[in-house]
Amino acid sequence: MRASGILLPVASLPGPYGIGSLGKAAYQWIDFLQQAKQKYWQILPIGPTSYGDSPYQSFSAFAANPYFIDLDRLCSHGLLTREEIDAAQLDSFRQSIDYECQFHRRLPLLKKAAGRFRPAQNGYAEFVAENAFWLPDYALFMALKEENGQEAFKKWPRPLRMREAEAMQQARARCAEQIRCWQVLQYWFHEQWSALKQYANEHGVFIIGDIPIYVSPDSSDLWTQPSLFQTDQDGELTEVAGCPPDAFSADGQLWGNPLYRWEEHRRTGYQWWINRLRYAETVFDVVRIDHFRGFSGYYAVDAKAPTAADGRWRLGPGSSFVHCIRDALPEIRIIAEDLGYLTPDVHALLDESGFPGMKVLQFAFDSREESDYLPHNYPRNCVVYTGTHDNTTTEDWQHSAPAEDVRFAREYIHAGSHDFTRQFIRAAMASVGNTVIIPMQDWLELGAEARINTPGTLGGNWVWRMPPGADSAGLAQQIAGMTTLYGRA
């Protein structure tokens, strides 16, 4: 069935308080998507951000970012006062996200509200019980990070780092109030997210979530279950994730994430992954798995290497993983991010899974060779993008890409410089791909200033916010017109 949607991170929503949230602007965004006849809202990972503010480096594979909690709703429930919110001066940073401000000003507000929260009979106890497989460990992890000056857990005192029984017992007693606070924040997110998702579904909009294949090196996941990852007897990483040299980086990309000990996952029937995806299935309508090719083969770099240039490819879990997931979660809807260096084994695993892969139009116009990303080569079972969060905007691409590639693209989509982005979108929408997802920046025809992320760089990433009023009725009408024209409404 042909359909389309728009990619916009939760953090990029407009509104007060310095970062997108689950408040009024989120509901207005759902209304806009309905008016624009879009079926999907695709977001980036919603986990709490850590190093570099990247949503792909999170303190937990299960937890959500407390920055997204709607402060106005806490105020309406009597947990915060208007004066307390105003005194935080979060409105000072409306045009881009200042994560340091959120940490120093928003978190204290949330903790103050959590201290006033009385569970009574509103579902908090049930939420904690249902999420006992990750929530208490995550909450203790965050409490201990506070106690240790926000240091990465590998720098904690050894008894805590290695989770020695006596140290854990003492920590749980010592940090009981902080543990409760972090659990309350997760409950509030869950409560607000569930209401927003229900509103979206009732309005014919379905949410495509995004989960990173890897966990962060500073995460409750690694701290809690080191046996699932490539670590030595002291819990130190032996090899880490990355990708080989490519067009983005001459030295490759050294991500630094822990790599899985796949033989241990296979021994347990991939239970950790089944738990993770089952949980994601309750949070999202569709789950995009980042770096799907890592299940076929993954790039491993020595943990002490300065760059990713000298890594090596190793076999992933392959078919056994796909079949376990399919058997355990027969109804789950997955999009496989199959970009990057693809070999025949990756194509075979994707075909075997039946999951739709991704086609990125900006990758199509290498004038030196025929590309699988050209629309006339698409299969129906794919998800088409003009670009992703790792690409520059299409408007900027026509000025920053190699001149010969841009010339080829203009000829292919029959566009000049003045209508290039809109014609680029048209080419995606007209393709045979079942689903098309367009970044909101492209519908707004914005330039490089609206880029979400530049891979391999630190600073200035993940901060873009949609300008207030950009999701106008006029733009919704334009999008609805093209969506209807190409049979995606």
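This is a predicted model: local features need pLDDT of at least 70, side-chain atom pairs count only at pLDDT 80 or more; totals for chains, interfaces and linings use all residues.
1. Helix H6, residues 135-147, has the length its residue count implies. At 1.5 Å a residue, its 13 residues should span 18 Å, and the end C-alpha atoms are 18 Å apart, so the two values agree. Just after H6, Gly-149 takes a positive phi of about 65°.

2. H6 is mostly covered, with 10 of its 13 residues buried. The buried positions are Leu-135, Asp-137, Tyr-138, Ala-139, Leu-140, Phe-141, Met-142, Ala-143, Leu-144 and Lys-145.

3. An open sheet is formed by four strands in the order S5-S4-S7-S8, with antiparallel pairing. Its edges are S5 (253-258) and S8 (312-315), each of which pairs on one side only. On average, neighbouring strands of the sheet are turned by 50° against each other, direction ignored. Between S7 (residues 297-302) and S8, which run antiparallel, there are four bridges. Gly-297 stands opposite Leu-315 in S8.

4. The largest nonpolar core has 160 residues; the members touching the most others are Trp-29, Trp-41, Trp-188, Trp-193, Trp-273 and Phe-284. H9 supplies the largest share of this core, 11 residues. Leaving aside residues up to four places away in sequence, Trp-41 touches Ile-6, Leu-8, Val-10, Leu-13, Trp-29, Ile-30, Leu-33, Leu-196, Val-205, Phe-206, Ile-207 and Ile-208.

5. The structure holds 51 aromatic pairs. In one of them, Trp-29 and Phe-32 have ring centres 5.3 Å apart and planes at 20°, so the pair is stacked; the cut-off for stacking is under 30 degrees. The two residues are three apart in helix H1 (residues 24-35), which means a separation of about one helical turn. Trp-29 is buried, with a relative accessible area of 0%, and Phe-32 is buried as well, at 2%.

6. Phe-62 and Trp-134 form another stacked aromatic pair, 6.0 Å centre to centre with 15° between the planes. Phe-62 lies in the loop between strand S2 (40-42) and helix H2 (71-76), and Trp-134 in the loop between H5 and H6, so the pair ties together parts that are 72 residues apart in sequence. Both Phe-62 and Trp-134 are buried.

Conventions: Residues are numbered from 1 along each chain as its sequence is written. Side-chain values use heavy atoms; hydrogens and water are left out. The expected span of a helix is 1.5 Å times one less than its number of residues. Buried means under 20% relative accessible area, exposed over 50%, partly exposed in between (1.4 Å probe, protein chains only). Two strands pair if DSSP finds at least two bridges between them. Axes are lines fitted to C-alpha atoms, for helices over the stretch in contact, and angles run from 0 to 180 degrees between N-to-C directions. A nonpolar core is a set of buried Ala, Val, Leu, Ile, Met, Phe, Trp, Tyr and Cys residues joined through side-chain atoms within 4.5 Å. Contact means heavy atoms within 4.5 Å. Rings of Phe, Tyr and Trp (its six-membered ring) pair if their centres lie within 6.5 Å; planes under 30 degrees apart count as stacked, over 60 as edge-to-face and the rest as tilted.
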